[in-house]
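Here are my notes for your read-through. Please keep the coordinates open while you go down the points.

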Amino acid sequence: MPIFTPIVTLLAVAWYLFLGTRVAAARAKFGVPLPATTGNPDFERIFRVHMNTLEWMPLFLVPLWLCALYLSDAAAALLGLVWVGGRIWYYLGYRAGVSGRLPGFITQAIACGLLFLGAAIGVIGTALGG
């Protein structure tokens with residue numbers, strides 16, 4: 001069983017939970033009542049970070065685990081840490097302004113793409129008897 005990948009998985013989920021608290025705090029700070037998701041651009045950016053992270057979670061978690069199981073736990077975990085770091089960078093940049101989101105977004109997208117590639121190599125290699 002992988003050792004490092006579960007830790008990174010828990011870290012990613014903890015980050016997502018933290019973002020949920022930021023949305024709740026932004027609702028209060030910017031006066032955006034439930035169930036509204038618009039009304040203040042500062043709130044909307046924080047809300048979008050939370051939702052965008054949710055949208056990426058399956059694209060991240062499935063390749064993370066397939067890469068860990070079929071190729072390398074350490075490599076998957078390292079790329080997973082890069083993904084989480086990219087999501088943090090994305091949050092910090094997007095919170096400040098729309099243009100600030102790109103460096104973190106690109107970082108996490110590359111990490112996710114590499115996880116997918118590693119998962120595909122590992123699965124295909126195993127299927128071919130490697």
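1. A search of the whole structure turns up two salt bridges. Keep in mind that this is a predicted model. The pairs are taken in turn below.

2. The cut-off for buried is under 20%.

3. The other pair is Arg 48 with Glu 55. Here the side chains meet in a salt bridge at 3.2 Å, N to O. Arg 48 has a relative accessible area of 31%, so it is partly exposed. Glu 55 is at 43% relative accessibility, so it also counts as partly exposed. Partly exposed runs between the 20% limit for buried and the 50% limit for exposed.

4. Next, Thr 5. This residue is found in helix α1, residues 4-30. Its relative accessibility is 0%, so Thr 5 counts as buried. Which residues does Thr 5 contact, leaving aside neighbours within four places in sequence? They are Leu 64, Trp 65, Ala 68, Asp 73, Ala 76 and Ala 77. Check these contacts by eye in the viewer.

5. Now the surface. A nonpolar patch there is formed by Leu 71, Leu 102, Ile 106, Ile 110, Leu 114, Leu 117 and Ile 121. Together these residues have about 640 Å² of accessible area. One of them, Ile 110, is found in helix α4. That helix spans residues 102-127.

6. Gly 125 lies in helix α4 too. Is Gly 125 buried or partly exposed? At 27% relative accessibility, Gly 125 counts as partly exposed, because the value falls between the 20% and 50% limits.

7. One last distance. How far apart are the C-alpha atoms of Gly 125 and Tyr 70? They are separated by 8.4 Å. Along the chain, Gly 125 and Tyr 70 are 55 residues apart.

Definitions and conventions: Residues numbered from 1 in each chain as written. Predicted model: local features only at pLDDT ≥ 70, side-chain atom pairs only at ≥ 80, totals over all residues. Heavy atoms only, no water. Helix = DSSP H or I, 4+ residues; strand = E, 2+ residues; numbered from the N terminus. Buried < 20%, exposed > 50% of the residue type's maximum accessible area, 1.4 Å probe, protein only. Patch = residues over 30% accessible without salt bridge, like charges linked within 9 Å, V, L, I, M, F, W, Y side chains within 5 Å. Areas by Shrake-Rupley, 256 points an atom, 1.4 Å probe, with all protein chains shown as cover. Salt bridge = Lys/Arg side-chain N within 4 Å of Asp/Glu carboxyl O. Contact = heavy atoms within 4.5 Å.
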